[in-house]
Amino acid sequence: MPHASGGGSHGGGSHGGSHGGSSSRTSHHYFPGSRRYRRHYSNGTDEYFYSNGRPQKTSLSGIVVVAAMGVFFAFMMGITSVTSRPHQLKENYDRPSHYVYDDINVIGDDKKLERSLEEFNDLTGICPVIYTVYDSDCRDYRSLEDYTMHKYTGHFSDERHFVIVYTIPEEQAEKVAEDQDYIPDYAWEAVQGDDTDPILSDAVFMDFADYVQEELEDGKDPGEAFAGGFDEVLTPKAEKRMSTSSFSILTMIQVLFTLGFFGIPLFFMVRQYKKDKDTIIEEVPLTEEDVKNGASPGSATINSRSATLGREAGPLVGTALVTIFLVPFILIGIGVTIGGAVTLTSSKEVGIFLLGFGIIWTAISVLSLVGIIKGILSAAKKKEAPLTAEYPASKPVTADYPAMEKQDIDPYGDFDMPQTSTSYTREEDEEYERMRRKGYE
């Protein structure tokens, strides 16, 4: 969609994650729920470790995926720099028969202005067109900007034109024709297509507008002012911007950063892959010594609490990490899709490629995120069996026996103790003394 550039007026002057998160743990010391494994290397050495999940070797497919992602994003950085740099636009329009439409006869040398506009068109591929009208022609519009926009969209359907409209009051036209030094109450406005932005940047246009404004305020006719603006400002600046390197230092830094971001984990993956290539991993039986060394007295309670906390926090932490990791990929996919849609107007082949790739990339990223999160949540719902699950629950000893009444209990049932009476004394009871000496008391 074309957009307003600016203007001026008389006296006024001149915008992966991984499934399960913390579900897999590996250690060189035994921990509750772990199994013992042996990693046998090709050089004949063995390494023993403990894990609560089946250990996996680094896969070649994972290395290929990471490498492909790194190359893709580095390529996108480079191609974005090349496509966004100022360059000559392909003319997807028919050139007008004239660049200047002076309907109010205020331009002294139409041919000079025509040559200046044609040179700019040849250099940049941007087609500049200038109209001069009376301000009364714009009365049906809210502003001169709206009228200029109407001129653009009414005559051109592309995004590679640069339209300028210059107006004066109709009653001042005679004075302008009679007195060359007379400065009318002029106004002018410009509208440019979106594809012209890399060349006609805000800064470049403001330099052009300042030049034209100064010339008009000095009494120059609009033909001289606009011709000088193109010859002295727009054409030289466009040529300079288009000659700059397409691969800037900033772009190089971005590409190197992207390669490093993926290259570092890729390096460790390749090294581990080489290490695991001829390695044999097998489970071996646990020994009492493993359990004894892995859990000190009192550690069972601590490990149980840690496991409980891990099960509670694991799904949340895993989901958060996966989201943080994959959301940038989703945003990049959306950005590539939007970029492809925009590029369709300038380069159909590149636009279709970027659009299709962006849609596929976004879909894969979203499906991966949803799948991993579902895996984490479903794993969290599985109840882990307690450590004593293989043993039957113990029952109270008295559960199978009837309750005994208090009067049935006789602590001296094994002894033939004499009954106490009012005439009873310990000194006279020889049996009592005998029992006492034997240690029953």
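1. Threonine 132 touches Tyr101, Asp102, Asp103, Ile104, Val106, Ile107 and Tyr166, leaving aside residues up to four places away in sequence. Contact here means heavy atoms within 4.5 Å.

2. This is a predicted model: local features need pLDDT of at least 70, side-chain atom pairs count only at pLDDT 80 or more, and totals for chains, interfaces and linings use all residues. Residues are numbered from 1 along each chain as its sequence is written, and side-chain values use heavy atoms, with hydrogens and water left out.

3. Threonine 132 sits in strand 6 (residues 127-134). Strands (E, at least two residues) and helices (H or I, at least four) are DSSP runs, numbered from the N terminus. Threonine 132 is buried, at 1% relative accessibility. Buried means under 20% relative accessible area, exposed over 50%, partly exposed in between (1.4 Å probe, protein chains only). The threonine 132 side chain reaches the backbone nitrogen of aspartate 103 at 3.1 Å.

4. The model has 6 salt bridges, each a side-chain nitrogen of Lys or Arg within 4 Å of a carboxyl oxygen of Asp or Glu. One joins arginine 95 to aspartate 122, with the closest N and O atoms 2.7 Å apart. Arginine 95 lies in the loop between helix 1 (60-84) and strand 5 (100-102), and aspartate 122 in helix 2 (residues 110-124), so the pair ties together parts 27 residues apart in sequence.

5. Arginine 142 and aspartate 146 also form a salt bridge (3.0 Å, N to O). Arginine 142 is exposed at 80%; aspartate 146 is partly exposed at 24%.

6. Glutamate 215 pairs with lysine 220 in a salt bridge, at 3.1 Å between the closest N and O atoms. Glutamate 215 is buried at 13%. Lysine 220 is partly exposed at 34%.

Terms used. A polar contact is a pair of N or O atoms within 3.5 Å; within protein, one must be able to donate a hydrogen and the other to accept it, and residues adjacent in sequence count only if both atoms are side-chain atoms.
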